[in-house]
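Here's a short tour for anyone opening this structure for the first time. Have a look at the view below, then read on.

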Amino acid sequence: MTMSPPTTISLTFPDFRGATRRLVLWNLAAFFIFLIVSLAFPARIGHAIELLAFDPSAFLHGRLWQPFTYSLLQFGLLQTFLNLLCLWFFAGFLENYHTSSWVTGVYVISVLGTAATATAIYAVAPTLGFQAATAPLTGCSGGIFGLLVAIGFLHGDVQFMLFPLPINVKARHLATIFAVIYLAMVFGQQSVYAFAVLGGGLFCLLYIQLAPRRGFHFTLSEKWFGLRNHFYRWKRRRAGRKFEVYMRSQGRTVRLDSRGKQIEDDQDDKTRWN
């Protein structure tokens, strides 16, 4: 049973469990691994960023892993700290009312949607007559914005109290504020990055509309068991038809239903088996 969210929620962090814990720990572990590598091999750090950050040109030329790795690259202690706090809060809030697989799906689709939008900009820029100055994408801002969009779309009336400020903001308004900020950034030096993050939010909305509420894993398992049961029913019907043919060859008329049980038409048929 799905719980209804409360009217007002202060900016306190939810339980650290499930998809929330996995997402935060993945990003935190990647940050420390990258930090250790940068300290141990400072001369190779530039090459590592080139390999793992998302560059549309490099992606189209064969570096297909970059849409899955760029979000794990966090730079700066303060930025990483704020990103992980937002990730903990937004993912944890959604996980109170949705499954872990669904929350993970929202985050992953938003991250991949951000990369897909950046690739689309890179591809159509020459056709439209301008050169998009693209810097490699890094960080999980696209995934965080997707989680915020999901909260604003599904739980828009929930009000967040932004501690320590005595201000209550509805979730839909908070998502709109961030969308306007990214829209304003489109006209600045980080135009491709901002537009890509907005594209990740759009992919998140499409996922919310089209994806099963219990997650693709649950839906696929349900379809698999449905196909398996359909196969077993077909086998029972086939065996029943063979049995009917055999009984007719013995001079008796027997009809079976799809479950393999005898269909008794009249009293005479009942007495034959007594």
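Helix H1 has its buried residues covered by, among others, helix H2 (45-52), helix H5 (77-95) and helix H6 (100-128). Keep in mind that this is a predicted model. The buried residues of H1 include Gly18, Leu23, Asn27, Phe31 and Phe34. H1 itself runs over residues 18-40, and its 23 residues reach 33 Å from the first C-alpha to the last, close to the 33 Å expected at 1.5 Å a residue.

Now try helix H9, residues 191-210. With 20 residues at 1.5 Å each, H9 should span 28 Å, and its end C-alpha atoms sit 29 Å apart, which agrees. Buried residues in H9 include Val192, Gly199, Gly200, Gly201, Cys204 and Tyr207.

On to the rings. How many aromatic pairs does the structure hold? There are eleven. Take Phe89 and Phe160: their ring centres are 5.5 Å apart and their planes meet at 70 degrees, over the 60 degrees cut-off, so this pair is edge-to-face. The pair ties together distant parts of the chain, with Phe89 in helix H5 and Phe160 in strand E2 (residues 159-161), 71 residues apart. Phe93 and Tyr97 also pair up: with centres 5.2 Å apart and planes at 65 degrees, they are edge-to-face.

| Residue | Relative accessible area | State |
|---|---|---|
| Phe89 | 5% | buried |
| Phe160 | 1% | buried |
| Phe93 | 4% | buried |
| Tyr97 | 12% | buried |

Ring pairs join these residues and Phe90 into one cluster: Phe89, Phe90, Phe93, Tyr97 and Phe160.

Methods
Residues numbered from 1 in each chain as written. Predicted model: local features only at pLDDT ≥ 70, side-chain atom pairs only at ≥ 80, totals over all residues. Heavy atoms only, no water. Helix = DSSP H or I, 4+ residues; strand = E, 2+ residues; numbered from the N terminus. Expected span 1.5 Å × (residues − 1). Buried < 20%, exposed > 50% of the residue type's maximum accessible area, 1.4 Å probe, protein only. Contact = heavy atoms within 4.5 Å. Phe/Tyr/Trp six-rings, centres within 6.5 Å; stacked < 30°, edge-to-face > 60°.
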